[in-house]
Amino acid sequence: MIALKLEGVRFRYPGASEWALDVPSLEIERGEFVTVLGPNGSGKTTLSFLANGLVPKSVRGDFEGSVEVFGHRVSDYTVAQLSTLVGTVFQEPDSQLFCMSAEEEVAFGPENLAVPREEIAKRVEWALDVVGLKGLGHRPPSTLSGGQKQRLAIAAALSMKPSMLMLDEPAYALDPVGRVELYSILSGLKARHGMTVVVMERDAEDLVEFTDRFVLMSGGKVQAVGPPREVMGDPAALARAGVSPPQMAEVASLLNARRKGPPFGFLTVEQAVAEITVNAHRHTKGGSR
Amino acid sequence: MIPHPVPGGPESVLRLRNVKFTYESGIEALGGVNLSVDKGEYLAIVGGNGSGKTTLAKHMNGLLRPSSGDILVLGAPASSRTVAELARVVGYVFQNPDHQLFCGTVQEEVAFGPSNLGLGPTEVQARADHAIDIMGLSHVKGRSPLSLSLGLRRRVSIASVIAMRPQVLVLDEPTTGLDAGEASDLMSIVRLLNEEGSTIVLITHEMKLVAEHANRVVVMAGGRIVLDADARGAFSDPGLLRSSKLLPPPVTLLAHKLAPIGVSKDVLTPEELVFELTRGGVG
């Protein structure tokens, strides 16, 4: 099943001459972890607003084309209705946290849908647990750390029981360990709950190990779509789009430039250890012959 | 690696002695920090969210005053000097550029600091033009700072600080929100400023930046300095970094994991790792 389907989508902000987004076609499968990668101004945020209808319903401009989520045309539903299909987490968690306690924050969405009280309590407990905030439900959001606020914003989206999460730079300003923890939580949602996860990011480094497919964007256009080894294995395309390759891809391409054997394709430290040790072993055996 | 003079020696531009700071809420953000920064150093202060690194940096030009302990700027106590006086020596660039931008044009913004130093109009103009030129902002100097992209706004905020000609430039998370191209442009400019003699204090948790640029690294956790070393020394203990919510650059991690097959752990950049691997005939 297709989770998100874009056909002939173009969007232009009022008064702008260029299209902020110009995507003839893009499909994301149910249960995929997709990273939309691109520099500032590449159209990532605009793209993240399509699935819940914020573009063009709230963010106005010239819009063309069709957007479907799980087979439903986005234009046929309200933003509130779509929130049970697509949970959207904005870049700055402060912009969407406004309740007195973390629990109330997470309960707010389902309360507005008149979900029964016991069901809400269950969802709140589940969502706080999934994001690692169990026991902090009574805390005012303002007393949480940056990383905890970001996870609270995710819990608030999860309590609507969406089938897809759309997150705009969720690791913005988080420290390295906080970033990896956050991506692990998202990856767990995919693995254990079949959630479709779409992350908008500028830097691929920490996401390579979690990502099924990368969508490379620049200038409002999709430049490449494919599994990590395919998209990250093309440094020239990454450079044209204005993003850095993960450091391990850089190492692989430097090594490949000076070796005769089959090229290395590793993107993560674990993959590099495996490929390099196998190669070293082969090398030693060859040398002793 | 250029050895830096003994900390606290005659070359020190900043010296913090047992600095403690407790916020009004009662939360202790600094629990006794001793730090000496020498002239011309490129120092990175790293730590996880909430480790106290920004609080520490804000003490360097008097934006925050210690609850106890003392701070010497160019050998003289900071406590007897105003923020405006200290700003002539220590320039502080906020993480969020919008916290320091308020003028109608980039030109006015950058000229604001020097004009407050009581300099003549020609000198103010010269300093502003120079700062605008260094930061690559000539093409937007007539525009409103708030109409610019984040990357350019950050450069305006740095230009407005360096126009004061401080000896020390404190940059709080300068690459947050920037993409790869913007970050690399900005870091090249900062490197140039360092090469021209500015002392740089870089607050960050981006370890690839630290590995590439800093010659000394101070790791903070829980309001205390847990490590003060050169960049290689700082990355030699991934366990300590991890407990400080940090991770060494992937190349350093890989070098550590390949140590059993004879790779040196002492690696900071992809080029160094590749050199190690090809030297050992491993790659």
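Modeller: The model is predicted. The residue to begin with is Lys161(A), which counts as partly exposed because its relative accessibility is 44%, a value that falls between the limits of 20% for buried and 50% for exposed. Lys161(A) sits in the loop that runs between H6 and strand S7 (164–168) of chain A. Its phi is positive, about 50°, although Lys161(A) is not a glycine. Most residues other than glycine have a negative phi, and most peptide bonds are trans.

With a relative accessibility of 41%, Arg165(B) counts as partly exposed.

Helix H6 (146–158) and helix H5 (117–130) of chain A are packed against by the buried residues of H4(A). Helix H4 covers residues 102–112 of chain A, and its buried residues are Ala102(A), Glu105(A), Val106(A), Ala107(A), Gly109(A) and Pro110(A). An α-helix has 3.6 residues a turn, so residues three or four places apart point the same way. After H4(A) comes Ala114(A), whose phi is positive, near 60°.

A further backbone feature of chain A concerns a peptide bond. Val55(A) and Pro56(A) are joined by a cis peptide bond, with omega about 10°. Pro56(A) belongs to helix H2, residues 54–57 of chain A. Lys57(A) is among the contacts of Leu82(A), together with Ala51(A), Asn52(A), Gly53(A), Val69(A), Val74(A) and Tyr77(A), when neighbours within four places in sequence are left aside. Leu82(A) itself lies in helix H3, residues 79–82 of chain A, and counts as buried because its relative accessibility is 0%. From Leu82(A) to Val69(A) the separation is 13 residues in sequence and 8.7 Å in space, C-alpha to C-alpha.

Two serines of chain A may be described in turn. Ser218(A) is in strand S9, residues 213–218, and is buried, its relative accessible area being 14%. Beyond neighbours within four places in sequence, Ser218(A) is in contact with Pro39(A), Ser42(A), Gln223(A) and Ala241(A). Ser244(A) occupies the loop between helix H9 (235–241) and helix H10 (247–257) of chain A. With a relative accessible area of 31%, Ser244(A) is partly exposed. Ser244(A) and Asp203(A) lie 41 residues apart in sequence, yet their C-alpha atoms are 6.8 Å apart in space.

The interface between the chains comes next. In total, 34 residues of chain A are in contact with 34 residues of chain B. The two chains bury about 2,900 Å² between them, and carbon and sulfur atoms give 62% of that area. On the side of chain A, the residues that lose the most area to chain B are Asp175(A), Val177(A) and Gln247(A), together 19% of what that side buries.

Gln247(A) is also one of the residues touched by Leu268(B). Leu268(B) lies in the loop between helix H10 (250–257) and helix H11 (270–279) of chain B. Its relative accessibility is 8%, so Leu268(B) counts as buried. Leu268(B) and Ala211(B) are 57 residues apart in sequence, with 5.6 Å between their C-alpha atoms.

Chain A contains 11 helices and 10 strands. Along the principal axes, the C-alpha atoms of chain A fill a box of roughly 75 × 50 × 35 Å. Of the 289 residues, 52% count as buried. Among contacts between residues at least 6 apart in sequence, 66% join residues at least 24 apart. The accessible surface of chain A comes to about 12,700 Å², and carbon and sulfur atoms hold 51% of it. Chain A carries 30 positive and 35 negative side chains, the centres of the two sets being 6 Å apart.

Conventions:
Residues numbered from 1 in each chain as written. Chains lettered and ligands numbered in written order. Predicted model: local features only at pLDDT ≥ 70, side-chain atom pairs only at ≥ 80, totals over all residues. Heavy atoms only, no water. Helix = DSSP H or I, 4+ residues; strand = E, 2+ residues; numbered from the N terminus. Buried < 20%, exposed > 50% of the residue type's maximum accessible area, 1.4 Å probe, protein only. Contact = heavy atoms within 4.5 Å. Areas by Shrake-Rupley, 256 points an atom, 1.4 Å probe, with all protein chains shown as cover. Lys, Arg positive; Asp, Glu negative; His and termini not counted. Charge placed at Lys NZ, Arg CZ, Asp CG, Glu CD. Buried area = accessible area lost by both parts, 1.4 Å probe.
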